[in-house]
Amino acid sequence: MTTADSRNDKNGDTGTDYDVVVAGGGPVGLFLAGELRLGGAKVLVVERLAEVDETIKAGGINTAGAVSLYRRGLLPDLAAAWERNRWRMRAFLGDRDRDREQGAGAADAPRTPPKFAGHFAGIMMRGDLFDGSDPAFADIGPADGVGLGVPQVELERILGARAERLGVEVRRGVELTGFDADDEGVSVRLGSDHTVRTGWLVGCDGGRSTVRKLAGFDFPGTEPEITGYQAVVEMSGGERLGAGWNTTDVGTYVNGPFPGRILTVEFDGPPADRSAPVTAGELQAALRRVSGVAEVTIHEVHSSTRFTDNARQASGYRKGRVLLAGDAAHVHSPFGGQGLNLGLGDAMNLGWKLAAVVRGAAPDSLLDSYTAERHPIGAWVLDWTRAQIAVMRPDRHARALRRVVTDLALTTTGTTYLVKQISGVWQHYDLPGDHPLTGQSAPDLELSDGTRLGDHLHDGRALLLDLADDPKLRARAEGYGDRVDVVTAACPGRPELTGLLVRPDGFVAWAADGHSQDESNQGANGQGADLDAVLTRWFVAA
């Protein structure tokens, strides 16, 4: 519980109450706060809502998102949430009759999470066409598929519990109403009569971000052309609706994957007021228009949201001591389920960097790499969602294009390509170095001591993995003890690798195989010198 004394305690000799204030206590804000605490920062999260938001939103996270949580030791929590919600996955698994075929009790038996899921503009991926042997899916590890079907509200609870364990202070029912930033920090106004002083402010406060607007971030993009609804309802006449995704002359509607969940899309421009409460009559009228089923009647609304395809992205994610992450930095339509995953990636990338700056282990310029690395991925997501809107339009040209895309998607090559994009396994950063692993998400190597690479990232520090028992390699990490962990172990499955430097966010900053490792012992032009430069770039203060 927050006390008045703890609120007013100054943070050491800095004259601040907190190192970082995070505006927004959704999954992205909570994940970022945990990352900052792992790095030693004192963090306050302020959230306008008094309770966890139960509104239906994202229905799961992709492979990249699940891997991030796995690297922080949260896989058991994620798997338990998946198990609790596995009934939601039956439409994705394509085996709705398995329980009946296997007999009584089969529904209670554990299932293995699916290796993929998703759609492109409502064109569902078929499991029998997915080529799991594609190199992009190699060495993902046990997190593959675990996040599918885990609702956003469940993820928020997992990350909230983690933040509490790590000592993050979270104030709910508290709204950021303004701030004043200077060269030394930010004075943040909370409500009408309270101010806290912080070194840094991060806006994770959603698509209509107060932080972004007050800071004056440029937010260019494309105008919306749809009105969409997503809801969980009680209705009659639903048996007349098609199951899953349905395309009609008016737009698109979704029925499922669990009873009462509906979604509609109409290309009639954006809503007049996105913030107005969604009524049962409004949902019913939209569902009847799009489906053409006049008999469907909505009796009760349990959860609902209104959305558009407004697609915008901040030109940069930092202005002085104010930064953005998640929907505050980029907004787009929900199609393809990329938004939550994009925000988790932002938090994983920013957290360790900002924490290093806070504790004086890195210069402010390290934060420039946050925008440089994350902005291109955000831009890709915006285009990915725009492409789906183009294929979903009800005009004849778009419907002709949809038939072509469907034909391509229903091939092994097409399905595998789409699943790679949806899963996020393609994501990489443009980092210096010639090794093919440099800039990639680290493979979850199985090591000779019985551990996996991901097991060594739980504490949020970098990892120098010595796979050749090379004392000269290990010596290069001397002096980085509080920032870089060193592990020596063999990797029988990848015998060509002799060393990896993995950043706290799980991306490879440096790699060597047998040939390059031999070169590293020959002088300053080898890979060893490159390792020294990489260590200095990421982990030594200027």
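**Strands, a helix and cysteines**

Trainee: In β21, which residue is the bridge partner of L465?

Mentor: The model is predicted, so local features need pLDDT of at least 70 and side-chain atom pairs count only at pLDDT 80 or more, while totals for chains, interfaces and linings use all residues. Residues are numbered from 1 along each chain as its sequence is written, and side-chain values use heavy atoms, with hydrogens and water left out. Strands (E, at least two residues) and helices (H or I, at least four) are DSSP runs numbered from the N terminus, and two strands pair if DSSP finds at least two bridges between them. Strand β19 (residues 462–466) pairs with strand β21 (residues 497–502) in the antiparallel sense over four bridges, and the partner of L465 in β21 is L500.

Trainee: Which strands are the edges of the open sheet that contains this pair?

Mentor: The sheet has four strands in the order β20-β19-β21-β22, with mixed pairing. An edge strand pairs on one side only, which applies to β20 (484–488) and β22 (508–513).

Trainee: In β14, which residue stands opposite M235?

Mentor: β10 has six bridges to strand β13 (residues 261–266), running antiparallel, and there V232 has R261 as its bridge partner. With strand β14 (residues 297–307), β10 pairs in the antiparallel sense over nine bridges. The residue of β14 opposite M235 is I298.

Trainee: Which residue caps the N-terminal end of α3?

Mentor: Helix α3 (residues 63–70) is largely enclosed, since seven of its eight residues are buried. Contact means heavy atoms within 4.5 Å, and the elements covering those buried residues include α2 (27–38), α4 (75–84) and α7 (152–166). At the N-terminal end, a side-chain oxygen lies 3.2 Å from the backbone nitrogen of A64, and the capping residue is N62.

Trainee: How many disulfides does the rule count?

Mentor: A disulfide is a pair of cysteine sulfur atoms within 2.5 Å. Among the cysteines, C204 is buried at a relative accessible area of 10%, and C491 is buried at 6%. The disulfide count comes to zero.

Notes
Buried means under 20% relative accessible area, exposed over 50%, partly exposed in between (1.4 Å probe, protein chains only). A polar contact is a pair of N or O atoms within 3.5 Å; within protein, one must be able to donate a hydrogen and the other to accept it, and residues adjacent in sequence count only if both atoms are side-chain atoms.
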